[in-house]
Amino acid sequence: METPALACTRVLVLGLLSLHAGLAPTVAQKNGIDIYSLTMHSEVSSRFARTVVTSRVVNRAETLQEATFQLELPRKAFLTNFSMTIDGVAYPGKVREKAAAQRQYSAARAKGESASLVKTTGRTTEQFQVSVSVAAASKVTFQLVYEELLQRRLGAYELLLKVQPQQLVQHLQVDVHIFEPQGISFLETESSFMTQELERALTTSQNETKAHIRFKPTLSQQQQAAGQPDTALNGSFIIRYDVNRTLSAGSIQIENGYFVHHFAPEGLPTMPKNVIFVVDQSGSMLGRKIQQTREALIKILDDLNPRDRFNLILFSSSATPWKTSLVQASPETVSKARSYAGGIQALGGTDINEALLLAVSLLDHEQAELPTGSVSLLILLTDGEPTQGETNPTVIQRNVREAIGGRHSLFCLGFGFNVNYPFLEKLALDSGGLARRVYEDSDAALQLQDFYQEVAHPQLTSVAFEYSSNAVEEVTRDNFRLHFLGSEMVVAGKLRAESPDVLSAKVRGRVHKENITFYMESSVAEQEAAFRSRQYIFGSFMERLWAYLTIQQLLEQMVHAPEAQQQALESRARNLSLDYSFVTPLTSMVVTKPEGQRQDQVAEKPSEDDKHKQAYGGGPTFSKFLHKGQKHPIQRMQTGSYEEPSFYRRKLSGQASWPLLSSRFGVDNSPTRFKHPGHLHIPFASLPPHLMNLPTLELLRKLKLRNSAATRIPVMMPPTPSAPSQTVTVPSTPSAPSQTVMVQPMPSAPSQTVTVPPTPSAPNQTALDDVDLGSKEKAVPDSPPAPLQAPSVILPLHGQDVDRLCVDFKNIRGPLNLISDPVQGIEVTGQYEMEKAGFSWIKVTVQKPELQVHATPERVVVTRNRRNSEHKWRKTLFSLLPGLKMTMDDTGLLLIGGLRRVTVGLLPWDGPKMGLLLLLHNTDRFSSSVKGTIGQFYPSVLLRPSPTAADQWILKAQADYLVTREHRLDYQAGPPGREIACWSVEL
């Protein structure tokens with residue numbers, strides 16, 4: 001008998017999902033819905049990846065329940081199939097033209113039905129979600145398939161999988177198969193959730209041309225803690241690899257009548273650059289954005305090649321060059337440019353047109369003097385739309401395109417979501433460059449540095465691919481303006497029916513001052529046989545790679561092609577999308593599902609404009625509402641939590657724009673260990689714009705409280721009904737009378753008063769550093785307390801009667817070369833500060849594989865293959881490189897080591913002051929060549945009594961030191977420390 005749920009079907013429209021290989025299929029463990037199987041099977045061949053995600057759920061409740069399937073997808077991938085199987089009945093998806101799908105969807109909406117939700121969820125991902133009602137004891141199988149071409153960036157291909165099941169899964173398995181006929185040169189994995197238990201579930205096998213990565217954790221391994229139902233799987237799993245290369249025309253692979261040509265020659269020299277950085281310093285850049293821009297520019301200037309020529313143009317309401325002409329990147333000019341960049345301030349409107357035309361004129365004016373064979377680049381960074389001078393985007397695009405005239409390349413960086421990204425994208429594509437969004441986050445400076453690294457090393461110009469006309473047809477783009485180190489050019493096409501047995505190719509380009517041509521031939525029969533022998537390679541993958549690449553390039557051409565060509569490009573892209581069942585911006589997927597099931601989602605492909613709306617509370621994931629009497633909206637997430645927006649409003653009339661603040665405000669409670677007040681959140685009407693969201697100390701200084709009268713600032717405190725009235729008194733300095741700030745609590749809390757003295761050096765400013773609101777009255781001394789005794793660096797040693805050495809840095813200042821061992825291939829440097837009771841920074845540099853870790857008490861920055869990544873302390877990290885492993889657990893312990901390697905450990909210390917501890921393990925592996933302030937005590941030491949003092953001994957290392965036997969506190973396990981006995985030495 002047919003159940004009512006299956007009597008008829010309803011319509012579900014799925015918009016394009018963007019993807020960077022994300023596995024986040026999740027079914028919340030609630031209401032009896034249980035995921036009993038979750039698998040991802042990914043096949044990568046010639047950089048083209050096909051991923052199948054399958055989730056099987058069962059309703060273990062006794063009543064009808066709703067199951068939700070979620071999947072995060074990379075933006076560059078195309079969804080090719082989605083289906084649901086409910087009690088043995090399949091509901092497949094069909095790709096249709098977007099207009100036709102919308103008509104069908106509208107008809108479903110008229111009946112009160114809806115569709116799935118596709119929304120932006122991260123920098124590189126969008127989320128697909130669909131819900132379905134499941135009868136008691138019934139099972140549902142969700143399956144989604146997507147395909148993408150992995151792009152080479154900074155010397156590596158990357159497959160990113162989001163693993164977020166949200167519950168323990170009986171059968172959870174990730175399988176990745178890679179086949180690269182060129183040979184795999186390196187393979188590495190990284191994870192943000194891997195624990196020691198989960199690491200045992202990861203296996204990797206590799207030979208010359210193929211690799212297999214499997215992750216299959218048991219239920220107990222998935223547990224966040226023994227006996228707990230929470231899963232530890234919540235984060236990213238990344239696979240990076242590259243292939244073998246030579247100085248040649250690359251690699252041609254052929255399968256089923258199609259070919260793909262990968263070109264990234266090894267060993268070419270870097271061509272000199274003429275680069276102008278065009279930097280927005282308008283008012284909306286005020287705060288962290290301008291600070292991060294300064295930081296990134298200083299680092300980028302340091303990376304300039306001495307053969308490069310460069311200049312800086314800062315613009316707001318007008319444009320100002322640093323120099324009247326380009327200058328050589330000598331150490332002297334770079335040092336001056338660093339000082340100039342360090343002083344950039346934000347103020348005024350945004351005149352993009354004037355700034356870019358000025359940059360082009362500087363390059364054109366010196367065209368005759370620019371080095372022969374050099375490459376000219378313009379790099380624009382802006383966070384807003386044009387508000388001064390010429391403000392029409394179309395006119396600006398035309399002006400810049402005509403001024404550049406194909407002679408230079410323009411790269412546009414849009415900072416945050418307050419930019420007109422389509423405008424920047426067309427601006428860049430018109431001039432042979434590309435656009436990139438820089439996300440407002442703590443690592444924005446690293447994002448800027450990474451982008452520069454992608455274009456910092458041009459190796460070829462005017463690259464053209466040539467094939468015999470009687471051999472191939474329908475070839476994708478075969479002309480490229482520039483080739484950069486670490487990237488790759490890809491050309492694909494069809495073989496003609498009567499094509500020769502050998503496919504010949506020619507690649508022409510220009511290197512510095514001379515032309516260069518690469519030749520190669522590829523046997524059709526041999527290539528076909530190579531792919532037929534790999535049974536796990538999905539069928540006709542080369543044809544789908546060609547279709548994928550063709551569609552992507554057509555979509556890009558539509559951005560900047562003349563209007564007369566738009567319709568033809570769109571028609572071809574749409575037809576190919578339909579022929580190969582790709583969900584693209586021109587198509588949608590229609591899925592049938594049982595009738596009568598409640599649905600709250602809307603399926604749309606988020607465009608760049610949609611992402612802007614979502615970021616500003618206008619998209620589908622936010623709703624706006626006002627408190628009574630409030631002028632500015634607070635955004636409410638779908639979860640029901642409140643979030644005050646930290647972004648800037650769009651620039652208007654050339655004036656800087658400021659963050660929105662809610663009418664509710666308070667003092668954030670900082671963790672006890674910091675002993676500093678939180679941020680003051682003042683009502684919007686109470687402060688001028690430039691004082692929004694400042695920390696307490698800076699806010700009070702900006703207010704410039706007068707000596708003659710107390711200044712009172714009302715601040716809402718958290719309700720504390722049982723707390724008595726409190727007063728915090730801070731005495732004045734001898735040179736200035738005290739001043740008072742009234743802290744007004746909520747009605748349920750007593751009022752508090754903070755009396756703040758101005759600093760002697762700035763009588764009109766105030767300081768508030770160590771106010772403890774928990775005491776009734778507290779006097780803060782004029783002079784800071786003496787710094788606590790720094791914990792020693794504790795070294796495990798090797799030698800007769802020597803177990804460990806406690807090293808105190810008493811007389812050493814400045815950066816230290818702590819360890820240098822050329823045999824181990826490791827170098828450790830750092831800056832020790834008594835005030836921090838530890839290191840203010842430590843840098844670990846590893847050779848083979850090349851890796852650099854720069855740690856501060858605030859964050860860890862890892863640099864690998866010129867690629868930077870930021871990591872927060874106590875956030876799980878697992879990175880497995882060839883011969884090296886780097887891990888961090890939730891206590892913040894970061895370990896860098898490997899087989900037959902010394903292990904270096906870093907740990908942030910949460911004592912009264914903030915610093916880093918340096919730990920060493922497996923120190924018996926140091927070589928006899930080790931040197932450094934700490935390295936001098938290895939590989940072994942000798943101990944003998946001092947001839948002059950009975951209580952002293954002489955430690956003979958690479959130098960002789962007097963040491964004493966003492967009891968010290970060991971903070972390596974954290975405060976309050978434990979007492980140990982060690983040999984103590986002062987350096």
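Contact here means heavy atoms within 4.5 Å. The structure described is a predicted model.

## Nonpolar cores

Phe237 touches Leu159, Leu160, Leu161, Val163, Thr189, Glu190, Ser191, Phe193, Met194, Leu202 and Ile213, leaving aside residues up to four places away in sequence. Phe237 is also among the residues with the most contacts inside the largest nonpolar core, together with Phe82, Phe142, Leu144, Ile178 and Phe215. That core has 57 residues. Its largest share, five residues, comes from strand β2 (residues 33-45). Apart from this core lies another one, of 50 residues, which includes Ile819, Leu884, Val904 and Phe926. As background, nonpolar side chains tend to be buried together in soluble globular proteins.

## The disulfide and its strands

How many disulfides does the structure hold? There is one disulfide, and it joins Cys806 to Cys982 with an S to S distance of 2.1 Å. The torsion about the S-S bond of Cys806 and Cys982 is about -120°, so this disulfide is left-handed. Cys806 belongs to strand β39 (residues 804-808) and Cys982 to strand β54 (residues 978-986), so the pair ties together parts that are 176 residues apart in sequence. Are these two cysteines buried or exposed? Cys806 and Cys982 are buried. Another cysteine, Cys412, is buried with a relative accessible area of 0%.

Strand β54, which carries Cys982, pairs with β53 in the antiparallel sense over seven bridges. In this pairing, His967 stands opposite Ala981 of β54. Strand β53 (residues 960-970) also pairs with strand β52 (residues 953-956), again in the antiparallel sense, over four bridges. Ile954 has Leu962 in β53 as its bridge partner. A hairpin of three residues joins β52 to β53.

## Aromatic rings

The structure holds 27 aromatic pairs. One of them is formed by Phe263 and Phe465, and it is edge-to-face, at 5.6 Å centre to centre and with 85° between the planes. Phe263 lies in strand β17 (residues 258-263) and Phe465 in strand β25 (residues 458-467), so this pair ties together parts that are 202 residues apart in sequence. Phe263 is buried, with a relative accessible area of 0%. Phe465 is buried as well, and its relative accessible area is 4%. Residues are called buried when this value is under 20%.

Which residues make up one aromatic cluster? Phe48, Phe78, Tyr258, Trp546, Tyr548, Tyr580 and Phe582 form it.

| Charged residue | Ring | Distance from the ring centre |
|---|---|---|
| Lys323 | Trp322 | 4.9 Å |
| Arg864 | Phe186 | 5.4 Å |

## A covered helix

Helix α8 (residues 421-429) is mostly covered, with seven of its nine residues buried. Which residues of α8 are buried? They are Tyr421, Phe423, Leu424, Lys426, Leu427, Ala428 and Leu429.

How values were computed
Residues numbered from 1 in each chain as written. Predicted model: local features only at pLDDT ≥ 70, side-chain atom pairs only at ≥ 80, totals over all residues. Heavy atoms only, no water. Disulfide = S-S within 2.5 Å. Helix = DSSP H or I, 4+ residues; strand = E, 2+ residues; numbered from the N terminus. Buried < 20%, exposed > 50% of the residue type's maximum accessible area, 1.4 Å probe, protein only. Pairing = 2+ DSSP bridges. Phe/Tyr/Trp six-rings, centres within 6.5 Å; stacked < 30°, edge-to-face > 60°. Lys NZ or Arg CZ within 6 Å of the ring centre and 35° of its normal. Core = buried A, V, L, I, M, F, W, Y, C linked by side-chain atoms within 4.5 Å.
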